[in-house]
Amino acid sequence: MADTQDVVELILRDHRRMEDLFREMRSVEADRSGALREFADLLIAHALAEEAKVYPALKRYKNIDDEEVEHGEHEHDEGNEALLELLEVEEVGSDEWDEKLEELVQAITHHADEEERTILNGARENVAMERREELGRAFWQERERQLKAGCGSVDNVRKIVES
């Protein structure tokens, strides 16, 4: 378990790690395909854990906008589609790869920014720390379960996008 159990902080840490991985995927000196593999696992595990454990609980709070939560789920779908398109590019570093990477960066950055401003700020202001820690433990356990299952494989991402 992480050193914090606050679901808001755990989600923010994943967002910052995704930003780091974007920088690696853009760098010609980095292991770009390794960064993509880590990113794919993290993105899918993170989104599935949010949708299973966090979003349903936050919809119960009257000061957290249900439409924002549902919009977040829709943006997960968009991010998954952009991820699949990048995973299906055959040559890392090709013009097509760079183009699909930028589409993925744009989709995920937009979602993370919106989620942080609306859903996470709402959770920070309206959900007691004890409950945020309960949600954090549930989020973390589901996230870890997904990571162990290899959730970011191209076949699994394809299944998620098609469903």
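Read along its sequence, the protein chain follows the pattern α-α-α-α-α-α, and its secondary structure comes to six helices and zero strands, where helices (H or I, at least four residues) and strands (E, at least two) are DSSP runs numbered from the N terminus. This is a predicted model, in which local features need pLDDT of at least 70 and side-chain atom pairs count only at pLDDT 80 or more, while totals for chains, interfaces and linings use all residues. Residues are numbered from 1 along each chain as its sequence is written, and side-chain values use heavy atoms, with hydrogens and water left out.

**Overall form**
- Along its principal axes, the C-alpha trace spans about 45 × 30 × 25 Å.

**Burial**
- Of the 163 residues, 45% count as buried, meaning under 20% relative accessible area with a 1.4 Å probe, protein chains only.

**Packing of α1 and α5**
- Helix α1 (residues 7–26) and helix α5 (residues 129–148) pack at an angle of about 40°, with their axes 7 Å apart; axes are lines fitted to C-alpha atoms, for helices over the stretch in contact, and angles run from 0 to 180 degrees between N-to-C directions.
- The contact (heavy atoms within 4.5 Å) includes Val-7, Leu-10 and Asp-14 of α1 and Arg-132, Phe-139 and Trp-140 of α5.

Technical notes
Buried means under 20% relative accessible area, exposed over 50%, partly exposed in between (1.4 Å probe, protein chains only).
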